[in-house]
Amino acid sequence: MLEIYLLEQLSAFYECGTLSAAAERLNLSQPSLSRSMQKLEDILGVRLFERQKNRIRLNQTGIVAA
């Protein structure tokens, strides 16, 4: 089931541009926010992010979802 907080976190990531800035804005730890974004991808069944070593950014699908 899709929970609204996951979409709020995705929106914060989109607006802030980085996972750490979004986590700070939401008063969450960065690992917690990262797990939430992975959960959102699992629920939706699509990849929303491009992950590289020490970097995560929205892909085109993630931008549309945000």
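Which are the buried residues of helix α2 (residues 19-26)? The close-ups below start with that question, and they all come from a predicted model.

**View 1. The buried residues of helix α2.** In helix α2, which covers residues 19-26, the buried residues are L19, A22 and A23. Looking down the axis of α2, you would find these buried residues within an arc of 100°, so they line one face of the helix. Their packing partners are α1, α3 and β2 (55-58).

**View 2. Helix α1 packed with helix α3.** A pair of packed helices is described by the angle between their axes and the distance between the axes. Here, helix α1 (residues 4-16) and helix α3 (residues 30-44) pack at an angle of about 115°, and their axes are 10 Å apart. The crossing of α1 past α3 is left-handed. To find the contact, look on the α1 side for Y5, L6, L7, Q9 and L10; on the α3 side, they meet L33, S36, M37, K39, L40 and I43. Sorted by class, the residues of this contact are 8 nonpolar, 2 polar and 1 charged.

**View 3. An aromatic pair, F13 and F49.** How many aromatic pairs does a search of the whole structure find? There is 1 aromatic pair. F13 and F49 form this pair, and the arrangement is edge-to-face, with 5.3 Å from centre to centre and 90° between the planes. F13 belongs to helix α1 and F49 to strand β1 (residues 49-52), so the pair ties together parts that are 36 residues apart in sequence. Are the two partners buried or exposed? F13 counts as buried because its relative accessibility is 2%, and F49 is also buried, with a relative accessible area of 1%.

View 4. Residue E41 is found in helix α3. Why does E41 count as buried? Its relative accessible area is 10%, and buried means under 20%, so E41 falls in the buried class. Leaving aside residues up to four places away in sequence, E41 touches V46, R47, L48, F49 and R51.

Note on methods: Residues are numbered from 1 along each chain as its sequence is written. This is a predicted model: local features need pLDDT of at least 70, side-chain atom pairs count only at pLDDT 80 or more; totals for chains, interfaces and linings use all residues. Side-chain values use heavy atoms; hydrogens and water are left out. Axes are lines fitted to C-alpha atoms, for helices over the stretch in contact, and angles run from 0 to 180 degrees between N-to-C directions. Helices (H or I, at least four residues) and strands (E, at least two) are DSSP runs, numbered from the N terminus. A crossing is left-handed if the near helix is turned anticlockwise from the far one by less than a right angle, and right-handed if clockwise. Contact means heavy atoms within 4.5 Å. Ala, Val, Leu, Ile, Met, Phe, Trp, Tyr, Cys and Pro count as nonpolar, Asp, Glu, Lys and Arg as charged, and the others, Gly among them, as polar. Buried means under 20% relative accessible area, exposed over 50%, partly exposed in between (1.4 Å probe, protein chains only). Rings of Phe, Tyr and Trp (its six-membered ring) pair if their centres lie within 6.5 Å; planes under 30 degrees apart count as stacked, over 60 as edge-to-face and the rest as tilted. The arc is that of the directions from the helix axis to the C-beta atoms.
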